[in-house]
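Visitor: Please walk me through this model, one question at a time.

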Amino acid sequence: MIKVFVLFIVLIAGIILGPLLAGHQGYVFIRTDSYDITTSVTSLVLCFILLQFVLLFLGWCYRRFMSTTSRTKGWFSGHKYQKAHTQTQKALLKLAEGDLEQVEKLMSKHADFSQQPVINYLMAAEAAQQRGDSYRTHQYLDRAAEAAGKDQLPVDISRVRIQLAEGEIHAARNGIDKLLDQAPRHPEILRLAEQAYLGTGAYQALIELLPIMAKVQLHNEDELEALKLKSYKGLMNQCMAEGGSDGLKNWWKAQPRKVRHEVPLQAFLAEHLIECGDTRSAEKMIIDGLKQQYDERLLLLIPKLQSEQPEAIEKILLSLVKQSGATPLLNSTLGILALQHAQWEKAETYFKAALAQRFDAYDAAWLADAYDKLHKPNEAAKIRQEALTHSLKQERAKG
């Protein structure tokens, strides 16, 4: 604009001063190797002004061309962005319909022009994985990693999730360890860690994550307790497989006091010791646990002991009767203990007491066995008939 204004002033000045200088134009002489150019000053000025106009015109044409090109590119780009958005919306609808092939196709096509290309590629990878196309799955993951730049966390999480789905447990475990270093409280990472650690038998690592899971409220209290018991049971299985009964006992001694005083874990350990044939250690564990509190999990293990000295167990059971009352399970356990050691009258008394509290087919069968030993065939036949009738009623109720 300034140039045009200057040229306009020069032009006006030329119009005004031109006639005045008509007789005093002077001349300009330009010599080159081959040519001699002679012209007046006025002609030179006019040529210069004309050249300026030509240059301005060419500049305007260039800017116009570039502006048109930019608008054209913008139109094409806008069209692609709009198309990518439309295809993403269609892909979400296809996902709801369960059409994974279309989800993959629509999410991957024009993904680079979508608002969130990383999400498009990751969803395409998930769809390809569910279709069983491993090659395309990893191809989309690589494209997502390229689009993500420095923020690789969503891509790494999706990669681990896909590895778990494809059964690549150890690869997923390796990925989870790295992710936990980056984001130790990320809920999805913790969920994936739970799957990976259970799958690879990394029970100790999972136990160490339980406090964090509790803080982020990944599970409720009952679910966390169940997961803890499952992890400890897995650890006990490993110790039993590697070192038998001695391995179990050595591992148990190395545990913190708080762990060793948890009755459910005591029941698990006693069960594993019984499986190893170390009933003496299991019996001590059960008695110590029952001295702490009444727990049915420990009571249910007593019939498996086949103890040679039942007096200590009977004593602790009778003390529990005084503390907690004569529960059906206590009476039943005392009856089984008496039955195992040929104390038929005691067995009859305890099983009758248990059946008076609630009818149980197993207690009825054991009472019938006691009657047989006491030479009471009529009573034995009667209780077996009652047990059969009760079982039939339960089957009808289920049907």
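**Helix packing, burial and aromatic pairs**

Guide: To begin with the orientation of two helices, α13 and α15 are roughly parallel to each other. The model is a predicted one.

Visitor: At what angle do the axes of α13 and α15 cross?
Guide: Helix α13 covers residues 279-292 and helix α15 covers residues 311-324. Angles under 35 degrees count as roughly parallel, and α13 and α15 are therefore placed in that class. Their axes come within 10 Å and cross at roughly 20°.

Visitor: Is S158 buried or exposed?
Guide: S158 is found in helix α6, residues 153-165. Leaving aside residues up to four places away in sequence, S158 touches L122, E126 and L141. The cut-off for burial is a relative accessible area under 20%. S158 has 6%, so this residue is buried.

Visitor: Which residues form one aromatic cluster?
Guide: The structure holds four aromatic pairs. One of them joins W251 and W252, with 6.1 Å from centre to centre and 45° between the planes, a tilted arrangement. Both of these tryptophans, W251 and W252, are buried. The cluster consists of Y232, W251 and W252.

Visitor: How are the rings of Y362 and W366 arranged?
Guide: A pair of aromatic rings is described by the distance of the centres and the angle of the planes. Y362 and W366 are four residues apart in helix α18, residues 361-373, and so are separated by about one helical turn. Their ring centres lie 6.3 Å apart and their planes stand at 35°, so the pair is tilted.

Visitor: What is the relative accessible area of Y362?
Guide: A residue counts as exposed over 50% and as buried under 20%, with partly exposed in between. W366, at 28%, therefore counts as partly exposed. Y362 is exposed, and its relative accessible area is 61%.

Note on methods. Residues are numbered from 1 along each chain as its sequence is written. This is a predicted model: local features need pLDDT of at least 70, side-chain atom pairs count only at pLDDT 80 or more; totals for chains, interfaces and linings use all residues. Side-chain values use heavy atoms; hydrogens and water are left out. Axes are lines fitted to C-alpha atoms, for helices over the stretch in contact, and angles run from 0 to 180 degrees between N-to-C directions. Angles under 35 degrees count as roughly parallel, over 145 as roughly antiparallel, 65 to 115 as roughly perpendicular and the rest as oblique. Buried means under 20% relative accessible area, exposed over 50%, partly exposed in between (1.4 Å probe, protein chains only). Contact means heavy atoms within 4.5 Å. Rings of Phe, Tyr and Trp (its six-membered ring) pair if their centres lie within 6.5 Å; planes under 30 degrees apart count as stacked, over 60 as edge-to-face and the rest as tilted.
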